[in-house]
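Here is a friendly walk through one protein model, from its overall layout down to single residues. Please keep the structure open beside the text as you read.

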Amino acid sequence: MTKGMNGIVKKRMTLLVLALCLMLPAHSAALALVRSATAVTQPALAGEVFRQVNMERTKRGLGALRSSAELNRAARVRAGEITRRFSHTRPDGRAWRTVSSAAYGENIAMGQRTADKVMAAWMTSSGHRANILRPSYGCIGVCAVVSGGVTYWVQLFGK
């Protein structure tokens with residue numbers, strides 16, 4: 001399929017999802033369906049969070065975290081999930097850690113529009129800060145997505 005055809009298919013799928021939502025009762029499930037269908041990843045924001053995490057760690061004498069392809073993949077999955085249901089519990093009821101056997105810690109956030117703001121929020125929360133600064137962690141996956149005008153953030157930490 002050509003690049004132009006991919007755009008047409010995406011537009012048609014988005015219109016189909018919107019049309020289906022108009023036929024459904026107006027409640028949060030319909031909104032969640034639209035959000036998950038229109039989520040757009042923000043790699044520059046995720047990269048800035050990664051940089052700031054390592055800056056916070058090195059300020060405290062901790063080793064920098066490596067970027068993990070597996071944790072980045074899993075963070076993308078979780079980001080899509082939290083656009084539908086913002087929770088550490090996955091939409092199917094399983095615990096967040098079931099997204100990847102490499103994941104040992106998770107931070108999630110929503111609403112902060114910049115990496116600076118989400119990092120400030122995490123660093124002022126004892127549980128989130130503990131994940132960012134845990135000495136036993138050696139790698140991280142980060143994802144930021146915008147859906148329905150809201151930015152969603154995921155950090156997954158590994159050994």
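The report below starts with the overall layout and then turns to helices, cores and a few single residues.

## The model and its layout

This is a predicted model, in which local features need pLDDT of at least 70 and side-chain atom pairs count only at pLDDT 80 or more, while totals for chains, interfaces and linings use all residues. Residues are numbered from 1 along each chain as its sequence is written, and side-chain values use heavy atoms, with hydrogens and water left out.

The protein has six helices and five strands; helices (H or I, at least four residues) and strands (E, at least two) are DSSP runs, numbered from the N terminus. Read from the N terminus, the order of elements is α-α-β-α-β-α-β-α-α-β-β. Of the 159 residues, 39% count as buried, where buried means under 20% relative accessible area, exposed over 50%, and partly exposed in between (1.4 Å probe, protein chains only). Among contacts with a separation of 6 or more, 66% join residues 24 or more positions apart; a contact here means heavy atoms within 4.5 Å.

Helix 3 covers residues 43-59, and its 17 residues reach 24 Å from first C-alpha to last, close to the 24 Å expected at 1.5 Å a residue. The expected span is 1.5 Å times one less than the number of residues. Its buried residues are Ala-46, Val-49, Gln-52, Val-53, Asn-54, Glu-56 and Arg-57. They pack against helix 5, helix 6, strand 4 (139-147) and strand 5.

The buried residues of helix 4 include Leu-71, Ala-74, Ala-75, Arg-78 and Ile-82.

## Where helices 5 and 6 meet

Helix 5 (residues 115-123) and helix 6 (residues 126-133) pack at an angle of about 105°, with their axes 6 Å apart. Axes are lines fitted to C-alpha atoms, for helices over the stretch in contact, and angles run from 0 to 180 degrees between N-to-C directions. The two helices are therefore roughly perpendicular, a label for 65 to 115 degrees; under 35 counts as roughly parallel, over 145 as roughly antiparallel and the rest as oblique.

On the helix 5 side, Met-119, Trp-122 and Met-123 meet His-128, Arg-129, Ile-132 and Leu-133 of helix 6. By class, this contact has five nonpolar, one polar and one charged residues. Ala, Val, Leu, Ile, Met, Phe, Trp, Tyr, Cys and Pro count as nonpolar, Asp, Glu, Lys and Arg as charged, and the others, Gly among them, as polar.

## The nonpolar cores

The largest nonpolar core has 19 residues, and those with the most contacts inside it are Val-49, Val-53, Met-119, Trp-122, Ile-132 and Trp-153. Such a core is a set of buried Ala, Val, Leu, Ile, Met, Phe, Trp, Tyr and Cys residues joined through side-chain atoms within 4.5 Å. Helix 3, helix 5, helix 6, strand 4 and strand 5 each supply at least two residues of this core, and helix 5 gives the most, with five. A second, separate core of 16 residues includes Ala-75, Trp-96, Val-99 and Val-154.

## A few residues up close

Arg-57 lies in helix 3 and is buried, with a relative accessible area of 2%. Not counting residues up to four places away in sequence, Arg-57 touches residues including Leu-62, Leu-65, Ile-132, Pro-135 and Tyr-137. Arg-57 and Ile-132 are 75 residues apart in sequence and 7.5 Å apart in space, C-alpha to C-alpha.

Gly-61 sits in the loop between helix 3 and strand 2 (66-67), where it takes a positive phi of about 80°. Gly-61 is exposed, at 68% relative accessible area. Thr-151, in strand 5 (residues 150-158), counts as buried at 7% relative accessibility.
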